[in-house]
Amino acid sequence: MPKTTILIIEYNQIFYKRLAEKYKGEKNLHTINGSAENLNHYMRIHNIPYADAIVSDQPFASLPQEMSDSILASARDVLHEEGKSLRSNIKMENEDDRKVLL
Ligand SMILES: C[S@@+](CC[C@H](N)C(=O)[O-])C[C@H]1O[C@@H](n2cnc3c(N)ncnc32)[C@H](O)[C@@H]1O
């Protein structure tokens, strides 16, 4: 998919640094240290008019309600009407499992 642009948004600075290091040099992939609440802002910066897909793994149950609402509102704003929103629900049993994904 040569025209696809991927934004990775991670709030935690340590996790962000790991992701940025892993994906540095990847074409059309941008790793951002910030909050998914600002999804539309990050998309504007990267000239992305809408999202075809949003994959999230935020712990909505433990986030402040205001933050959860804001993330969901941002996602609704940018997702194309035929776009897909996927919630991953991966449970890491150990550090080796995590390495498979990172
Ligand atoms: C369940 S963990 C993800 C685990 C990851 N899939 C893995 O394999 O290790 C949820 C992640 O959401 C991030 N997060 C929480 N609030 C966020 C927000 N507002 N914007 C972006 N990321 C957020 C956390 O820092 C955390 O890394």
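Trainee: Which residues does Ile32 touch, not counting residues up to four places away in sequence?
Mentor: Bearing in mind that this is a predicted model, Ile32 touches Leu7, Ile8, Ile9 and Tyr42 once those sequence neighbours are set aside. For Ile9, the C-alpha atom is separated from that of Ile32 by 4.8 Å, although the two residues are 23 apart along the chain.
Trainee: And where does Ile32 lie, and is it buried or exposed?
Mentor: Ile32 lies in strand β2, which covers residues 29–33, and it counts as buried because it has 20 C-beta neighbours inside 10 Å, the cut-off for buried being 20 or more.
Trainee: How much of the protein chain is buried, then?
Mentor: Buried residues make up 9% of the 102 residues in the protein chain.
Trainee: Switching topic, what order do the elements run in?
Mentor: There are four helices and four strands in the protein chain, and from the N terminus on they run β-α-β-α-β-α-β-α.
Trainee: What does β3 pair with, and in which sense?
Mentor: Strand β3, residues 51–56, pairs with β4 in the parallel sense over five bridges, and within that pairing Val55 stands opposite Leu86 of β4. Together with helix α3, residues 65–78, these two strands make a right-handed β-α-β unit.
Trainee: Why does β4 lie largely in the open?
Mentor: Strand β4 spans residues 79–87, and the number of buried residues among its nine is zero, so it lies largely in the open.

Definitions and conventions. Residues are numbered from 1 along each chain as its sequence is written. This is a predicted model: local features need pLDDT of at least 70, side-chain atom pairs count only at pLDDT 80 or more; totals for chains, interfaces and linings use all residues. A residue is buried if 20 or more other C-beta atoms lie within 10 Å of its own, exposed if 12 or fewer, and partly exposed in between; C-beta atoms are placed from the backbone. Two residues are in contact if their C-beta atoms, placed from the backbone, lie within 7 Å. Two strands pair if DSSP finds at least two bridges between them. A crossover is right-handed if, with the strands pointing away from the viewer, the path from the first strand over the helix to the second runs clockwise.
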